[in-house]
Amino acid sequence: ITVKTRNNKAWFLVLPVILVVSFTALLPLMTVANYAIQDIFSPDNRLFVGMKWFYDITNDPLIIDAFQRSFQFSIQALLIQIPLGIAIARIMPKSGWKASAALVAVSIPLIIPFNVIGSTWLIFSRKDIGLGGFLLNKLFDFDFTSDPKDGWGLILAVDVWHWTPLVTLLVYAGLRSIPPAYYQAAAIDGASPLAVFRFVELPKLRRVLLIALLLRFMDSFMIYTEPFVITGGGPGDATTFASILLTNIAVGQFDVGRAGAYSLIFFIVIQIMSFLFYTVLTLQDREEVTKTK
């Protein structure tokens, strides 16, 4: 009889990761949860209020509107960036120096700091000194500082320019991982390019698109730097997303307790939406596993 011995020393390799995650994620989360049940007047003067802040936030029309704007913005960003990223990835060169050059060119927006992107687009879109604003005003009256639709459209355009390359790179990697035999079989059957995309590429890209959807939803829902730099949440409250309103409450008003409850609700909403996205998009995989059993 052979007895298998287990060596649990490998867990020590995971210990640094656990410590880092605890320090950077769990401890701040516990601190925020502590703030969320108190009304903090000063570091030494606090009042326990229980669930009061959570009740106030869920019944505050300003916060509800901010969450609705964030949801609307995320849905619009996904509807544009996912199809656009797929289209760009499919027309990119597959090999050679052209492929390398295309990958470098596509990746440029991803390596630019957020505040630089905001400042650049702010100057570029002004109608008095910006080339973009000047050209747009040749076609129609464009002023993102006073027109809510122009402000919203500008922030959406900035997000599309900034993050569509991420979707493109993910899809491009997924396309390159498809074995050539699939394309050869499709060519023998005389499949059209649309049929190849529908029955060969799209099924193979399902997991890649799941990652792209989850990443882009979370990032777009938490968008902050670009609207803060470009519009400051305006005109009016047109681009006051949930993240900007949270900052205004925490920093502008220094209402730490209310901001803590707001942060927890913000965190829970993102987790729930991400779980729903994942559940719906992996439903077919679970059904296939169930049938094989």
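A nonpolar core is a set of buried Ala, Val, Leu, Ile, Met, Phe, Trp, Tyr and Cys residues joined through side-chain atoms within 4.5 Å. The views below show a predicted model.

**View 1. The largest nonpolar core of the predicted model has 46 residues.** Ile-63, Phe-67, Ile-82, Val-171, Phe-221, Tyr-262 and Phe-266 have the most contacts inside this core. At least two core residues come from each of α2 (52-58), α3 (61-91), α4 (96-107), α7, α9 (193-204), α10 (206-221), α12 (242-252) and α13 (256-281). The most is given by α13, with 9 residues.

**View 2. Surroundings of Phe-67, one of the residues with the most contacts inside the largest core.** With neighbours within four places in sequence left aside, Phe-67 is in contact with Phe-221, Ala-242, Tyr-262, Ile-265, Phe-266 and Val-269.

**View 3. Packing of helices α12 and α13.** Two packed helices are described by the angle between their axes and the distance between the axes. For α12 and α13 the angle is about 160 degrees, and the axes are 9 Å apart. Angles over 145 degrees count as roughly antiparallel, so α12 and α13 are roughly antiparallel to each other. The crossing in which α12 passes α13 is left-handed. On the α12 side, the residues that meet α13 are Ala-242, Ser-243, Leu-245, Leu-246, Ile-249 and Ala-250. Their counterparts in α13 are Arg-258, Ala-259, Tyr-262, Ser-263 and Phe-266.

**View 4. His-162 in helix α7.** The helix spans residues 148-176. The relative accessibility of His-162 is 1%, and buried means under 20%, so His-162 counts as buried. A polar atom of the His-162 side chain lies 3.3 Å from the backbone oxygen of Pro-109. Not counting residues up to four places away in sequence, His-162 touches Pro-109, Leu-110, Ile-112, Phe-114, Ile-117 and Glu-226.

**View 5. Ala-212 in helix α10.** Ala-212 has a relative accessible area of 1% and is therefore buried. Its contacts, not counting residues up to four places away in sequence, are Ile-82, Val-167 and Leu-170. Ile-82 is also one of the residues with the most contacts inside the largest core. Ala-212 and Gln-81 are 131 residues apart along the chain, and their C-alpha atoms are separated by 9.6 Å.

Conventions: Residues are numbered from 1 along each chain as its sequence is written. This is a predicted model: local features need pLDDT of at least 70, side-chain atom pairs count only at pLDDT 80 or more; totals for chains, interfaces and linings use all residues. Side-chain values use heavy atoms; hydrogens and water are left out. Helices (H or I, at least four residues) and strands (E, at least two) are DSSP runs, numbered from the N terminus. Buried means under 20% relative accessible area, exposed over 50%, partly exposed in between (1.4 Å probe, protein chains only). A polar contact is a pair of N or O atoms within 3.5 Å; within protein, one must be able to donate a hydrogen and the other to accept it, and residues adjacent in sequence count only if both atoms are side-chain atoms. Contact means heavy atoms within 4.5 Å. Axes are lines fitted to C-alpha atoms, for helices over the stretch in contact, and angles run from 0 to 180 degrees between N-to-C directions. Angles under 35 degrees count as roughly parallel, over 145 as roughly antiparallel, 65 to 115 as roughly perpendicular and the rest as oblique. A crossing is left-handed if the near helix is turned anticlockwise from the far one by less than a right angle, and right-handed if clockwise.
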